Amino acid sequence: MNTDTRLVFPYEDVPKNGTMLEIENNVRWIRMPLPMSLNHINLWLIGELNQSTLIDTGMYYDDVKNAWNDILRESDIKLENIIVTHMHPDHIGMAGWLSRHFQIPLSMSRGEYYQCRVLASDTGDRVPEEAINFYKNAGLTDNQIEAYVKRFGFFGSMISTLPDSYKRLKNGDSISFANTDWSIIDGYGHSPEHICLYSNEKKLLIAGDQLLPTITSNVGVFPTEPYANPLEDWLDSCKKLKNIVSEDALVLPSHGRPFLGAHKRLDAIINHHETALTKLHNLLTEPMRSVDTFEVLFKREIDDTNLLMATGESLAHLNCLIERGLAKKYFKKNVAYYEQV
């Protein structure tokens, strides 16, 4: 049995932020900056420049707008399609801007389109009491809650206004562009209805955040769906992807470098979360709040910049243990505690 778990990265060159690099015939890698510790996103331009399809768009802020203006001025790009894998701002942020520029529709899944519309509409609204209670229950301090309230509705500032209509993509669809047929594969856990695009003929997977080479995507529980079990959804989606995608497919991820070894990486992601669940279960011999579990789940320090994501991911693991019958939750002075069953 082959036990080599190393991935293969076939391209040494990486495009600079705001530039484009052709890595295969009619497959272009565009890298855009992000104003955070994860400092880039990969976009994929497929087809001839004058009749191309763009997958994902970059976040809506000045550096990316300027980069897109430079690319459009210096090249002969004419987009025929814009496809967004999911509704996080680094993926969908420039979609409305580009859709209006080229006068073409936006294609994505229904769950992602409508969730994005809902989050964008929160801008300027009051913070729901349910959301405040959600984070209080998890163990956040009054100061941390106050910081959350101040940032509420920030999502809308990171995306350009979406088109009022879109083309729906759903699991099992087959779409054609760049003389290639692509299968739509949905995934759950990281976002409501994430899509990947796979060409079995060309052995190419445009993976979005569903399959990344060196980091694991955030899988979190949020105030709108506090009893959700996104981690089980995520694990099931990884297993489904492994059953569909060939091990020798070239994976084009949204972060990091293109790589070979899809099955190895999917196995590693699944094992990572199963190991975390085991460690968390062992920790719960004593009652713990969500915020007390960070040390066993995360290698990096948790601070104000990543507190909400860490809390959501902690709750995802705790909810998964509850659904598996391995933990229970109870409340003490309006704070949720978890312990082994």
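A crossing of two helices is left-handed if the near helix is turned anticlockwise from the far one by less than a right angle, and right-handed if clockwise.

I noted that this is a predicted model, in which local features need pLDDT of at least 70, side-chain atom pairs count only at pLDDT 80 or more, and totals for chains, interfaces and linings use all residues. Residues are numbered from 1 along each chain as its sequence is written, and side-chain values use heavy atoms, with hydrogens and water left out.

**Helices 7 and 8**

Helix 7 passes helix 8 in a left-handed crossing. The contact (heavy atoms within 4.5 Å) includes Trp234 and Cys238 of helix 7 and His263 and Glu274 of helix 8.

**The sheet**

I then traced an open sheet of seven strands, ordered 1-2-3-4-5-6-7 with mixed pairing; strands are DSSP runs of E with at least two residues, and two of them pair if DSSP finds at least two bridges between them. Strand 1 (19-24) and strand 7 (167-168) are the edge strands, each pairing on one side only. Strand 2 (residues 27-33) and strand 3 (residues 40-46) pair in the antiparallel sense over seven bridges, and I found Ile41 in strand 3 as the bridge partner of Met32.

Conventions: Helix = DSSP H or I, 4+ residues; strand = E, 2+ residues; numbered from the N terminus.
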